[in-house]
Amino acid sequence: MRHNKKFNHLSRKKGHREALLSNMAISLIEHKRIFTTEAKAKALRKYAEPIITRAKKDDMQNRRLVFSYLQNKEAIKELFGPIAEKIADRPGGYLRILHTGHRLGDNAEVCMIEFVDFNESMLAAAGEGKKVKKTRRSRSKKAAAPVAEAPAAEAAEAPAAE
């Protein structure tokens, strides 16, 4: 039976799985977006989000704890620097998984995992969407009254001009 086995083992032993997730987390931090299979992306999200949460508070204990997982100084600098600034007010959900289709060789589901706050095109599209927001509510009587009087005033001026 498979009781209380919550995480995906990814068909690897413990050491290999930890090395895989650590290397993928380092690549994600350095490049802000990576392409991988859906199973690995879901496992990476569970692995990386607690590490990213630790980066919000920049103190020696959190740096040591994150370094014990990643063991890459450049990734630690990037994580506690620009990434921590952008995610400071976000309560969670730092990573987004976007499905991109199937791989040609083995038909595996391939997806892209990226930081939510670092996708400039989606942030720009979201910003444009807020500016163009329209409502479908009808006008109130106060706003409708001046509009109704304006054509009557124009009609009164038109015969006088003739």
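This is a predicted model: local features need pLDDT of at least 70, side-chain atom pairs count only at pLDDT 80 or more; totals for chains, interfaces and linings use all residues.
A residue counts as buried under 20% relative accessible area, as exposed over 50%, and as partly exposed in between. Ten residues separate Leu65 from Ala55 along the sequence, and the distance between their C-alpha atoms is 9.9 Å. For the chain as a whole, buried residues account for 31% of the 162 residues.

Stepping back to the overall layout, the chain holds six helices and three strands. Walking along the sequence, these elements turn up in the pattern α-β-α-α-α-β-β-α-α. As for how the chain folds back on itself, take the contacts between residues at least 6 apart in sequence: 55% of them link residues at least 24 apart.

The three of them make up an open sheet with the order 1-3-2, and their pairing is antiparallel. Strand 1 (33-37) and strand 2 (95-102) are the edge strands; each has a single partner, so one side of each has no neighbour in the sheet. On average, neighbouring strands here are turned by 25° against each other, leaving direction aside. To pick out a pair by name, Arg96 has Glu114 of strand 3 as its bridge partner.

That leaves the empty space. Rolling a probe the size of a water molecule over the atoms shows where such space is left. In this model, the largest pocket holds about 310 Å³. Its lining is made of 13 residues, and those nearest the pocket centre are Phe7, Asn8, Leu21, Ala43 and Lys46. Sorted by class, the lining of this pocket comprises six nonpolar residues, six charged ones and one polar one.

Where do the lining residues come from? Helix 1 (14-31) and helix 2 (38-54) each contribute at least two residues to the lining of the largest pocket. Helix 2 provides the largest share, with five residues.

Terms used
Residues are numbered from 1 along each chain as its sequence is written. Side-chain values use heavy atoms; hydrogens and water are left out. Two strands pair if DSSP finds at least two bridges between them. Helices (H or I, at least four residues) and strands (E, at least two) are DSSP runs, numbered from the N terminus. Axes are lines fitted to C-alpha atoms, for helices over the stretch in contact, and angles run from 0 to 180 degrees between N-to-C directions. On a 1 Å grid over the protein atoms alone, a cavity is a set of points where a 1.4 Å probe fits but cannot get out, and a pocket is an open set with protein on both sides within 12 Å along at least five of seven lines; lining residues have an atom within 4 Å of a point. Grid points are joined across faces, edges and corners, and a volume is the space filled by probe spheres set on the points. Ala, Val, Leu, Ile, Met, Phe, Trp, Tyr, Cys and Pro count as nonpolar, Asp, Glu, Lys and Arg as charged, and the others, Gly among them, as polar. Buried means under 20% relative accessible area, exposed over 50%, partly exposed in between (1.4 Å probe, protein chains only). Contact means heavy atoms within 4.5 Å.
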